[in-house]
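Please go through the chain shown here, from its overall layout down to single residues.

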Amino acid sequence: ALNLNEKWYKKINETYQNRRQIVWQILDKSGCSYDKSGVGMFVWAKIPEYFNSGIEFSDFMLNKFEVFITPGEVFGQNGKKYVRISLSNNYDDYKKTLERITSEITIKS
């Protein structure tokens with residue numbers, strides 16, 4: 001990696017930024033809130049208030065849309081009202097997720 005040129009790094013950064021933006025759309029449709037200034041390989045989001053926990057929200061998303069979102073509390077009690085989405089999937093998977101959620105309903109916060 002240290003021997004790769006700047007073009008490679010720009011392409012990787014662009015890839016992850018595109019994934020991050022579609023994940024934001026998924027979270028918007030799901031009624032979650034998040035910080036757009038976050039960086040890294042994951043997007044953390046606060047679940048809508050009417051869910052008691054990230055596990056409850058994750059179960060809802062899985063049962064309703066066949067989409068798994070990691071509940072934050074698997075990382076500790078401070079994550080109880082949060083979920084985490086990894087940016088390591090390919091863009092098309094996120095696109096399918098967004099289409100699946102959008103075709104059903106938009107969860108209102």
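## Overall layout

This is a predicted model. The chain has three helices and four strands. Along the sequence they follow the order α-β-β-α-β-β-α. Taken along the principal axes, the C-alpha atoms fill a box of roughly 50 × 35 × 20 Å.

The chain holds 109 residues, and 34% of them are buried.

## Salt bridges

Side chains of opposite charge can pair when their charged atoms come close. How many salt bridges does the count come to? The count is two.

One links K10 and E6, with the closest N and O atoms 3.3 Å apart. Both residues sit in helix α1, which spans residues 6-29. They are four residues apart there, so about one helical turn separates them. K10 and E6 are both exposed.

The other joins K46 to E49. Here the closest N and O atoms are 3.5 Å apart. The two partners fall into separate accessibility classes. K46 has a relative accessible area of 30%, so it is partly exposed. E49 reaches 56% relative accessibility and therefore counts as exposed.

## A buried arginine without a salt bridge

R84 belongs to strand β4, residues 82-86. R84 is buried, yet it has no salt bridge. Where is the nearest side chain of opposite charge? That side chain is E73, 13 Å away. A salt bridge needs the nitrogen and oxygen within 4 Å.

Which residues does R84 contact, leaving aside neighbours within four places in sequence? They are F42, V43, W44, I69, T70 and F75.

## The largest pocket

The largest pocket has about 260 Å³ of space. Its lining consists of 15 residues, and those closest to the pocket centre are V67, F68, N89, Y94 and T97. Two elements give two or more residues to this lining: β4 and α3, the latter covering 91-104.

Helix α3 supplies the largest share of the lining, with five residues.

## Two exposed residues

E66 lies in the loop between α2 (54-65) and β3 (70-71). Is E66 buried or exposed? Its relative accessible area is 64%, so E66 is exposed. Its backbone also deserves a look. Most residues other than glycine have a negative phi. The phi of E66 is positive, near 60°.

S103 is part of helix α3. Its relative accessibility is 58%, and S103 therefore counts as exposed, the cut-off being over 50%.

Notes: Residues are numbered from 1 along each chain as its sequence is written. This is a predicted model: local features need pLDDT of at least 70, side-chain atom pairs count only at pLDDT 80 or more; totals for chains, interfaces and linings use all residues. Side-chain values use heavy atoms; hydrogens and water are left out. Buried means under 20% relative accessible area, exposed over 50%, partly exposed in between (1.4 Å probe, protein chains only). Lys and Arg count as positive and Asp and Glu as negative; His and the chain ends are not counted. Contact means heavy atoms within 4.5 Å. On a 1 Å grid over the protein atoms alone, a cavity is a set of points where a 1.4 Å probe fits but cannot get out, and a pocket is an open set with protein on both sides within 12 Å along at least five of seven lines; lining residues have an atom within 4 Å of a point. Grid points are joined across faces, edges and corners, and a volume is the space filled by probe spheres set on the points.
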